[in-house]
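Here is a friendly walk through one protein model, written to be read with the coordinates open beside it. Let's take the structure piece by piece.

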Amino acid sequence: MSINNPSSTEANDNAASIKELGKKFSRITLSTIQNDTLNVILIDAWENSGKGEVINHLTRELDPRFYNVAVFDDDRASNPKYNYMLRFWRHLPAKGHITIYDRSLYFKAFDNLNKSLSDMAPLLE
């Protein structure tokens with residue numbers, strides 16, 4: 001199997017999985033609205049891994065009045081005088097709404113770990 005050229009069976013399985021996930025997401029949204037609760041959905045992955053496409057599939061059938069997608073740029077652009085978490089707190093949803101975070105607060109930790117391991121690689125050889 002090649003990552004760049006997946007088989008048609010694999011592509012069909014992925015499409016079916018995303019469609020089923022979209023149906024579950026619709027039920028969660030309906031429950032959020034009816035019960036006046038709030039939900040936060042975190043979608044986190046490496047750059048250019050298809051997060052935006054997944055979000056598009058998940059939100060295709062949803063009423064845009066009840067959800068918001070919060071996209072975060074690289075944290076190096078954030079102001080160091082403010083708490084790093086402020087960028088996430090500002091987007092917390094109101095009751096009856098959902099916020100989808102396109103990157104989570106854990107991304108910085110994963111990114112720092114990856115950079116540390118990359119720096120150590122020559123020492124381990």
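## Salt bridges and their surroundings

Arginine 65 counts as exposed, because its relative accessibility is 60%. Before following that residue further, please keep in mind that the model is a predicted one. Arginine 65 forms a salt bridge with aspartate 63, and the closest N and O atoms of the pair are 2.5 Å apart.

How many salt bridges does the count come to? The count is two. The other pair is lysine 51 with aspartate 102, where the closest N and O atoms are 3.8 Å apart. Lysine 51 lies in helix H2 (residues 51–59) and aspartate 102 in strand S3 (residues 98–102), so this pair ties together parts that are 51 residues apart in sequence. Are lysine 51 and aspartate 102 buried or exposed? Both of them are buried.

For aspartate 102, the relative accessible area is 13%, and it counts as buried because the cut-off for that class is under 20%. Leaving out residues up to four places away in sequence, aspartate 102 touches Ile43, Lys51, Ile55, Ala70, Val71 and Phe72.

## The overall layout

Stepping back, the protein has four helices and three strands. Read from the N terminus on, the elements run α-β-α-β-α-β-α. Of the 125 residues, 23% count as buried. The protein exposes about 9100 Å², and carbon and sulfur atoms supply 55% of that area. Among contacts between residues at least 6 apart in sequence, 70% join residues at least 24 apart.

Which residues is isoleucine 100 in contact with, leaving aside its neighbours within four places in sequence? They are Phe25, Ile41, Ile43, Ile55, Thr59, Tyr67, Asn68, Val69 and Ala70. For one of these, isoleucine 41, the C-alpha atom is separated from that of isoleucine 100 by 4.6 Å, although the two residues are 59 residues apart along the chain.

Helix H1 spans residues 8–35, and threonine 32 is found in this helix. Threonine 32 is buried, with a relative accessible area of 1%. Not counting residues up to four places away in sequence, threonine 32 touches Thr37, Leu38, Asn39, Gly96, His97 and Ile98.

Isoleucine 33 lies in helix H1 too, but this residue is partly exposed, at a relative accessible area of 32%. Beyond its neighbours within four places in sequence, isoleucine 33 is in contact with Phe66 and Gly96. Isoleucine 33 and lysine 95 are 62 residues apart in sequence, while their C-alpha atoms are 8.0 Å apart in space.

Aspartate 36 lies in the loop between H1 and S1. What is the phi of aspartate 36? The angle is positive, about 55°, although the residue is not a glycine. Most residues other than glycine have a negative phi. Aspartate 36 counts as partly exposed, at 44% relative accessibility.

On the surface, Lys19, Lys23, Lys24 and Arg27 gather in a patch of positive charge. Of these, arginine 27 has its place in helix H1. There is also a nonpolar surface patch of about 460 Å², made by Leu38, Val40, Leu42, Trp89 and Leu92. Among them, valine 40 is found in strand S1 (residues 39–43). Valine 40 is partly exposed, with a relative accessible area of 35%.

## Accessibility at a glance

| Residue | Relative accessible area | Class |
|---|---|---|
| Threonine 32 | 1% | buried |
| Aspartate 102 | 13% | buried |
| Isoleucine 33 | 32% | partly exposed |
| Valine 40 | 35% | partly exposed |
| Aspartate 36 | 44% | partly exposed |
| Arginine 65 | 60% | exposed |

Methods
Residues numbered from 1 in each chain as written. Predicted model: local features only at pLDDT ≥ 70, side-chain atom pairs only at ≥ 80, totals over all residues. Heavy atoms only, no water. Patch = residues over 30% accessible without salt bridge, like charges linked within 9 Å, V, L, I, M, F, W, Y side chains within 5 Å. Areas by Shrake-Rupley, 256 points an atom, 1.4 Å probe, with all protein chains shown as cover. Salt bridge = Lys/Arg side-chain N within 4 Å of Asp/Glu carboxyl O. Lys, Arg positive; Asp, Glu negative; His and termini not counted. Charge placed at Lys NZ, Arg CZ, Asp CG, Glu CD. Helix = DSSP H or I, 4+ residues; strand = E, 2+ residues; numbered from the N terminus. Buried < 20%, exposed > 50% of the residue type's maximum accessible area, 1.4 Å probe, protein only. Contact = heavy atoms within 4.5 Å.
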